[in-house]
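I opened my notebook to get to know a structure that was new to me. I wanted the overall layout before any detail.

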Amino acid sequence: MNVYLKTLAVAVTAAALMCPMVSAQERSLPERTSPRPDTTSGVPHTQIGVEINAELAQLLLERVAQFPGVTLGPTRISLPGAVGFQLDPDMLLSQPSSIVGGFEFAHMHPDGSLHASLDPEMARKAIKAGWAVAHPWAKQRPGWSGFVMIYTPTTPEELDVVIELVESSYTFITGNTLD
């Protein structure tokens, strides 16, 4: 009986962790109307000729700082000046192989663009709708197929979609949905 209950508990936990990912895959994204910025083709992977909107960047950071179990601080894996979105080390993760380094599920560059690990289906949707571009290493490392650069938001409406994508990254990596 103990083995049965343990097996059932594992199955229920796995199903609960998969539900947020399914809903993320089903979401649609509006088409981004701003032109896609040029980006470098290697690492460091950055946008070319894009300036940050400091007010929008601050609003984004304030929202991410409210995510449960997330601390903002200097990145551990990106360019100097980038802000890492660090998960608490004791947090259970549903997609640990999709984290680029340590417990950093995403980071914001000094130009306002972000690197984030998305569910691969959501990453394809974000790229197709003009919100993101695949990281140059996305197809080279196991678990990184959804690793993208999300372009710098230039309007409050774009910021709303970018926040939705960062929330989707959090959900994908942790298995936890945000209310």
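**Entry 1: the whole chain.** I began with burial. Buried residues account for 43% of the 179 residues in the protein. I kept in mind that this is a predicted model. Next I looked up the secondary structure. The protein has four helices and eight strands. I then read the elements off from the N terminus. Their run is α-β-β-α-β-β-β-β-α-β-β-α. I also checked the contacts with a separation of 6 or more. Of these, 64% are between residues 24 or more positions apart.

**Entry 2: the sheet.** In what order do the six strands of the open sheet stand? I found β3-β4-β5-β6-β8-β7, and the pairing is antiparallel. Strands β3 (70–74) and β7 (132–134) are at the edges. Each has a single partner strand, so one side of each has no neighbour in the sheet. From one strand to the next, the twist averages 25°.

I noted a general point here. Strands of a sheet pair through backbone hydrogen bonds, either parallel or antiparallel.

I then picked out one pair. Strand β5 (residues 104–108) and strand β6 (residues 114–117) run antiparallel and are joined by three bridges. I looked for a residue facing β6, and A106 stands opposite A116 in that strand.

**Entry 3: a loop residue.** I moved on to V43. V43 sits in the loop between β1 (38–39) and β2 (47–48). Is V43 buried, partly exposed or exposed? Its relative accessible area is 46%, so I wrote down V43 as partly exposed. What does V43 touch, leaving out residues up to four places away in sequence? I found H135 and W137. V43 and H135 are 92 residues apart along the chain, and 8.8 Å separates their C-alpha atoms.

Entry 4: Last, I searched for cavities. How many cavities of 30 Å³ or more does the whole structure hold? The search finds one. The largest cavity has about 30 Å³ of space. I listed the lining: I52, N53, L56, A57, M108, G112, T152 and P153. By class, five of the lining residues are nonpolar, three are polar and none is charged.

How values were computed:
Residues numbered from 1 in each chain as written. Predicted model: local features only at pLDDT ≥ 70, side-chain atom pairs only at ≥ 80, totals over all residues. Heavy atoms only, no water. 1 Å grid on protein atoms, 1.4 Å probe; cavity = no way out; pocket = protein on both sides within 12 Å on 5 of 7 lines; lining within 4 Å. Points joined across faces, edges and corners; volume = space filled by probe spheres on them. Nonpolar A, V, L, I, M, F, W, Y, C, P; charged D, E, K, R; others polar. Pairing = 2+ DSSP bridges. Helix = DSSP H or I, 4+ residues; strand = E, 2+ residues; numbered from the N terminus. Axes fitted to C-alpha atoms, helices over the stretch in contact; angles between N-to-C directions. Buried < 20%, exposed > 50% of the residue type's maximum accessible area, 1.4 Å probe, protein only. Contact = heavy atoms within 4.5 Å.
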